[in-house]
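Work through the exercises below with the sequence and the model open. Each task is followed by a solution in steps.

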Amino acid sequence: MQKFLRLSGIIDAVNERIGRLISWLVVIMVLLGAYNAITRKLSQTIGIDLSSNAYIEAQWFMFSLVFLWGAGYALKNQAHVRVDILYARVSDRFKAWINIIGTCLFLFPLSALILWVSYSYAADSWAILEGSPDPGGLPRYLIKSAIPIAFILLIVQGISELIKQIAFLKGFIPFPQVHEEEGI
């Protein structure tokens, strides 16, 4: 079990690092959004277009990355949606079983399905080096590649969570909870 727990620790560290790195995209995205809004109004005033479709698309690319690649980080930090009315009132052992069943019945099958579908979606985009339909836009194959990567990160984090829940049930570790200083 110790080897599995070490693997879980490595997975947690990778998703933690990715989550912390992409959190900086939120700041950049807000600054870029402000720039886009200001230059749009300024362009109307001075009659020279200062904006670009690339800036607008970069903003939604960053939002997509935060949402997609942050999913594994959110799962690691137990920040995903949960029905707390029931969950908060049951024992840790029952919570572990809920987590195991939910991971096996919902997280893994849905993530595998999306991974399978999104792989060909991204591969087709790469095959034609798909670009933006808007003039001056960014290449679409790059952002479409973020989708299968996101679900790989989510599946791998699901494996880590499964390891921790089983280790708890077998008495190897206390119930896995996010400490306040680690949480989002």
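The model is predicted.

**Exercise 1. Is Ser-132 buried or exposed, and which residues does it touch?**

Solution. 
- Step 1: Ser-132 has a relative accessibility of 17%. Buried means under 20%, so Ser-132 counts as buried.
- Step 2: Ser-132 sits in the loop between helix H4 (92-127) and helix H5 (140-169).
- Step 3: List the neighbours. Leaving aside residues up to four places away in sequence, Ser-132 touches Glu-57, Gly-137, Leu-138 and Arg-140.
- Step 4: Look at the side chains. Those of Ser-132 and Glu-57 are joined by a polar contact of 2.5 Å.

**Exercise 2. Describe the largest pocket and its lining.**

Solution. 
- Step 1: The volume of the largest pocket is about 770 Å³.
- Step 2: Its lining is made of 26 residues, and Leu-75, His-80, Val-81, Gly-102 and Leu-107 lie nearest the centre.
- Step 3: Assign the lining to elements. Two or more residues each come from helix H2 (53-76), helix H3 (84-87), H4 and H5. The largest share, nine residues, is from H4.
- Step 4: Sort the lining by class. There are 17 nonpolar, seven polar and two charged residues.

**Exercise 3. The structure holds four aromatic pairs. What kind of pair do Tyr-35 and Tyr-55 form?**

Solution. 
- Step 1: The ring centres of Tyr-35 and Tyr-55 are 5.5 Å apart, and the planes stand at 85°. Planes over 60 degrees apart count as edge-to-face, so this pair is edge-to-face.
- Step 2: Tyr-35 belongs to helix H1 (residues 2-46) and Tyr-55 to helix H2, so the pair ties together parts that are 20 residues apart in sequence.
- Step 3: Check accessibility. Tyr-35, at 34%, counts as partly exposed, and Tyr-55, at 35%, counts as partly exposed too.

**Exercise 4. Where do Gln-78 and Leu-129 lie, and what is the phi of Gln-78 and of Leu-129?**

Solution. 
- Step 1: Recall the background. Most residues other than glycine have a negative phi.
- Step 2: Gln-78, which is not a glycine, has a positive phi of about 55°. Gln-78 lies in the loop between H2 and H3. With a relative accessible area of 26%, Gln-78 is partly exposed.
- Step 3: Leu-129, also a residue other than glycine, has a positive phi near 45°. Its place is in the loop between H4 and H5. At 53% relative accessibility, Leu-129 counts as exposed.

Note on methods:
Residues numbered from 1 in each chain as written. Predicted model: local features only at pLDDT ≥ 70, side-chain atom pairs only at ≥ 80, totals over all residues. Heavy atoms only, no water. Helix = DSSP H or I, 4+ residues; strand = E, 2+ residues; numbered from the N terminus. Buried < 20%, exposed > 50% of the residue type's maximum accessible area, 1.4 Å probe, protein only. Polar contact = N/O pair within 3.5 Å; in protein donor to acceptor, adjacent residues only side chain to side chain. Contact = heavy atoms within 4.5 Å. 1 Å grid on protein atoms, 1.4 Å probe; cavity = no way out; pocket = protein on both sides within 12 Å on 5 of 7 lines; lining within 4 Å. Points joined across faces, edges and corners; volume = space filled by probe spheres on them. Nonpolar A, V, L, I, M, F, W, Y, C, P; charged D, E, K, R; others polar. Phe/Tyr/Trp six-rings, centres within 6.5 Å; stacked < 30°, edge-to-face > 60°.
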